[in-house]
Amino acid sequence: EKKAAMLENGLLDIISKLGLAWKVVRAGSLLTLFFTREEVTTFDDAVKSDVSAFKSFHNKLLKRGVYWPPSQFEVAFVSLAHNNEDIDLTLKIAEEAL
């Protein structure tokens, strides 16, 4: 959970720094980034996301070796296998992708 919170907070910092309004949703060690300005609490909220923007983000991550879930409607699983360097690298690449 601490590593997922680190990833969440890093993504939120990047989004704010870049002047974006995307939403990060996290529950424990699961999280995802929604390309929408609206809060996401239901599936109906989630389907309003910009899936084209997500696809571009995903492809940029994948090309740099970050294996993010391939669908806007899936979540990333942060586990004990991930270390702080993994989170930092993911955030660096995510910022470049955004």
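Guide: Start with His58. Leaving out residues up to four places away in sequence, His58 touches Trp68, Pro69 and Pro70. Contact here means heavy atoms within 4.5 Å. This is a predicted model, in which local features need pLDDT of at least 70 and side-chain atom pairs pLDDT 80 or more, while totals for chains, interfaces and linings use all residues. Residues are numbered from 1 along each chain as its sequence is written, and side-chain values use heavy atoms, without hydrogens and water.

Visitor: Why does His58 count as buried?

Guide: Buried means under 20% relative accessible area, exposed means over 50%, and partly exposed is in between (1.4 Å probe, protein chains only). His58 has 9% relative accessibility, so it counts as buried. The residue sits in helix α3. Helices are DSSP runs of H or I with at least four residues, strands are runs of E with at least two, and both are numbered from the N terminus.

Visitor: What does the side chain of His58 reach at 3.0 Å?

Guide: The backbone oxygen of Trp68.

Visitor: Why is the pair of Phe43 and Phe73 called tilted?

Guide: First, the rule. Rings of Phe, Tyr and Trp (its six-membered ring) pair if their centres lie within 6.5 Å; planes under 30 degrees apart are stacked, over 60 edge-to-face, and the rest tilted. By this rule there are five aromatic pairs. The ring centres of Phe43 and Phe73 are 5.8 Å apart and the planes stand at 55 degrees, so this pair is tilted. Phe43 belongs to helix α2 and Phe73 to the loop between α3 and β3, 30 residues apart.

Visitor: Is Phe43 buried or exposed?

Guide: Exposed, because its relative accessible area is 57%. Phe73 has 40%, so it counts as partly exposed.

Visitor: What makes the pair of Phe57 and Trp68 edge-to-face?

Guide: Its planes are 80 degrees apart, and its centres 6.1 Å. Phe57 lies in helix α3 and Trp68 in the loop between α3 and β3, so the pair ties together parts 11 residues apart in sequence. Phe57 and Trp68 are both buried. Ring pairs also link them with Trp22, Phe35 and Phe54 into a cluster.

Visitor: How many salt bridges does a search of the whole structure find?

Guide: Six. A salt bridge is a side-chain nitrogen of Lys or Arg within 4 Å of a carboxyl oxygen of Asp or Glu.

Visitor: How do you know that Glu95 forms a salt bridge with Lys17?

Guide: Their closest N and O atoms are 2.5 Å apart. Glu95 lies in helix α4 and Lys17 in helix α1, so the pair ties together parts 78 residues apart in sequence. Lys17 has 60% relative accessibility, so it counts as exposed. Glu95 has 27%, so it is partly exposed.

Visitor: With which residue does Glu96 form a salt bridge?

Guide: With Arg64, the closest N and O atoms being 2.1 Å apart. Glu96 is in helix α4 and Arg64 in the loop between α3 and β3, so this pair ties together parts 32 residues apart in sequence. Glu96 also meets Lys92 in a salt bridge, at 2.8 Å from N to O. Lys92 and Glu96 both lie in helix α4, four residues apart, about one turn of the helix.

Conventions
A polar contact is a pair of N or O atoms within 3.5 Å; within protein, one must be able to donate a hydrogen and the other to accept it, and residues adjacent in sequence count only if both atoms are side-chain atoms.
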